[in-house]
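This report describes the architecture of a single protein chain for a reader who is new to structural analysis. Please examine the sequence and the structure before reading on.

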Amino acid sequence: MISRLVRFSKSGLFVGIFRTLVCNLCGEEVFDSNAAKQIEKKLQQIGLWASSKSKVYRIKGNLAVEINKTAARAVGLKKNSKIKLIPDVSQKRIIIEVT
Ligand SMILES: [Zn+2]
């Protein structure tokens, strides 16, 4: 295993520089466990961690979801953006598509 530092980005945003381990045989690159923890923490801080917590509010009988501003900016979502909601009942999720 060779250890080296790599730049890591997610959703087009630079997250940081982290240590990876590269396999001498197949060249596969994996973040070491410490780096993986640092990445998770950083993604949570900037709101791009897949399991970032959010809140649901009631507005005039409908529901509104709070979306972290970093995550919104990463996908070009703004106030009054035109979006499409795609319910995926079997997975219990709703995909928001910025149109
Ligand atoms: Zn390998």
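In the hairpin of S1 and S2, which residue takes a positive phi? Ser11 does, with a phi near 50°, and the hairpin has two residues between its strands.

The structure is a predicted model, in which local features need pLDDT of at least 70 and side-chain atom pairs count only at pLDDT 80 or more, while totals for chains, interfaces and linings use all residues. Residues are numbered from 1 along each chain as its sequence is written.

**Overall architecture**

The protein chain contains two helices and seven strands; helices (H or I, at least four residues) and strands (E, at least two) are DSSP runs, numbered from the N terminus. Along the sequence, these elements follow the pattern β-β-β-α-β-β-α-β-β. The radius of gyration of the protein chain is 18 Å, well over the 13 Å that the globule rule gives for 99 residues, so the chain is more spread out than a compact globule. That radius is taken over C-alpha atoms, and the globule rule is 2.2 Å times the number of residues to the power 0.38. Along the principal axes, the C-alpha atoms fill a box of roughly 60 × 30 × 25 Å.

The domain assignment, which is automatic or taken from a database, gives two entries:

| Domain | Residues |
|---|---|
| domain 1 | 2-45 |
| domain 2 | 56-98 |

The C-alpha centres of domain 1 and domain 2 lie 29 Å apart.

**Burial**

Buried residues make up 2% of the 99 residues in the protein chain. A residue is buried if 20 or more other C-beta atoms lie within 10 Å of its own, exposed if 12 or fewer, and partly exposed in between, with C-beta atoms placed from the backbone.

Strand S1 (residues 2-10) has nine residues, of which the number buried is zero, so S1 lies largely in the open. Nine bridges join S1 to strand S2 (residues 13-22), and the two run antiparallel; strands pair if DSSP finds at least two bridges between them. Within this pairing, Arg7 has Ile17 in S2 as its bridge partner.

Helix H1 (residues 33-45) has 13 residues and reaches 18 Å from its first C-alpha to its last, close to the 18 Å expected at 1.5 Å a residue. The expected span is 1.5 Å times one less than the number of residues. Just after H1, Gly47 takes a positive phi of about 80°.

Lys55 is placed in the loop between H1 and strand S4 (56-59). Lys55 is exposed, because 7 other C-beta atoms lie within 10 Å. The C-alpha atoms of Lys55 and Glu66 are separated by 5.5 Å, although these residues are 11 residues apart along the chain.
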